[in-house]
Amino acid sequence: LIFPYTDNIGLALDGTIKICNIGHKFMGLDDNYEIIKTPDSVTVIYNPCSDDLHFDNRLLMPLIVNINGHENLFLGQIDTGASSSGFTEYFYEEVALENFGIEKTRGTTGEMDSIRTRCVVRFPNGYSDALHGGTIIDIGDVSVLIGMDLLARCKFTFEPYRNGFKYKITFPFTI
């Protein structure tokens, strides 16, 4: 998929319109991932080739966010160690999330001031919910951390699968 965002389009000094970093919004899941959807759940199977040099142990999930009437794909990461969800500073600005004030947050990178906010996301099976949390530092291709504010209301399972693992979120059935 190609996502020509305005951040990627500019006018060079010679008057040429240049487009760069197309698709940086959603790097996507590679061929090692399979997503199985049911009306009330999403299962992600990560089965890397046995000769892969890089094993990505993050629990990744594609998410859809509505920005000014347009649906955009972003990469989310399930984080069972996070009491609330988190949004990268770049994502917070890009989506123009509402600012509910500043709070201190503590994470793996230490303590920082964070902007409290929320964002409605849609999962691959169509389930939508509001994630509540604060801004976090940019963490590469991931834009949203899915924390316990959502997971505490869902059933979450994780198990080994071939060379990788399989995880499933079963949502409260209110699509």
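**Entry 1: ground rules**

I am looking at a predicted model, where local features need pLDDT of at least 70 and side-chain atom pairs count only at pLDDT 80 or more, while totals for chains, interfaces and linings use all residues. I number residues from 1 along each chain as its sequence is written, and side-chain values use heavy atoms, with hydrogens and water left out.

**Entry 2: charged pairs**

I began with charges. Side chains of opposite charge can pair when their charged atoms come close. I count a salt bridge when a side-chain nitrogen of Lys or Arg is within 4 Å of a carboxyl oxygen of Asp or Glu. How many salt bridges does a search of the whole structure find? It finds 6.

I looked up R122 and E71, whose side chains form a salt bridge with N to O at 2.6 Å. R122 sits in strand β9 (residues 110-122) and E71 in strand β6 (residues 70-78), so this pair ties together parts that are 51 residues apart in sequence. For strands and helices I use DSSP runs, numbered from the N terminus: helices are H or I with at least four residues, strands are E with at least two. R122 is partly exposed, at 26% relative accessibility.

Next I checked E103 and R116, a salt bridge with its closest N and O atoms 3.9 Å apart. E103 belongs to strand β8 (residues 102-107) and R116 to strand β9, so the pair ties together parts that are 13 residues apart in sequence. I noted E103 as partly exposed, with a relative accessible area of 28%. R116 is also partly exposed, at 35%.

Then came K104 and D113, another salt bridge, with 3.0 Å between the closest N and O atoms. Is K104 buried or exposed? K104 is exposed, with a relative accessible area of 56%, whereas D113 counts as partly exposed at 48%. I also found that D56, R58 and D141 are joined into one network by salt bridges that share partners.

**Entry 3: Y46 and its surroundings**

I moved on to Y46, which has its place in strand β4 (residues 41-46). Y46 counts as buried, at 2% relative accessibility. Which residues touch Y46, leaving aside its neighbours within four places in sequence? With contact meaning heavy atoms within 4.5 Å, I listed N32, Y33, H54, F55, D56, Y161, G164 and F165. The side chain of Y46 also reaches the backbone nitrogen of D56 at 2.9 Å. I then compared two positions: Y46 and P160 are 114 residues apart in sequence, but their C-alpha atoms are 9.4 Å apart in space.

**Entry 4: T88**

T88 lies in strand β7 (residues 85-88). I put T88 down as buried, at 3% relative accessibility. Apart from neighbours within four places in sequence, T88 is in contact with I136, I137, D138, I139, V142 and S143.

**Entry 5: an open sheet**

I traced a sheet next. It is open, with 4 strands in the order β3-β4-β13-β12, and the pairing is antiparallel. I call two strands paired if DSSP finds at least two bridges between them. Which strands are at the edges? They are β3 (33-38) and β12 (155-161), each pairing on one side only.

Zooming in, I saw that β3 and β4 pair in the antiparallel sense over 6 bridges. K37 stands opposite V42 in β4.

**Entry 6: cysteines**

I wanted to know about disulfides. A disulfide is a covalent bond between the sulfur atoms of two cysteines. The cut-off I used is a pair of cysteine sulfur atoms within 2.5 Å. The structure holds 0 disulfides. For two cysteines I looked up accessibility: C49 is partly exposed at 43%, while C119 is buried at 4%.

**Entry 7: two backbone angles**

I finished with phi. N68 has a positive phi of about 50° although it is not a glycine. N68 is found in the loop between β5 (59-67) and β6, and counts as exposed at 73% relative accessibility.

A96 is not a glycine either, and its phi is positive too, near 60°. A96 is found in the loop between α1 (89-95) and β8. I noted A96 as exposed, at 63% relative accessibility.

Technical notes: Buried means under 20% relative accessible area, exposed over 50%, partly exposed in between (1.4 Å probe, protein chains only). A polar contact is a pair of N or O atoms within 3.5 Å; within protein, one must be able to donate a hydrogen and the other to accept it, and residues adjacent in sequence count only if both atoms are side-chain atoms.
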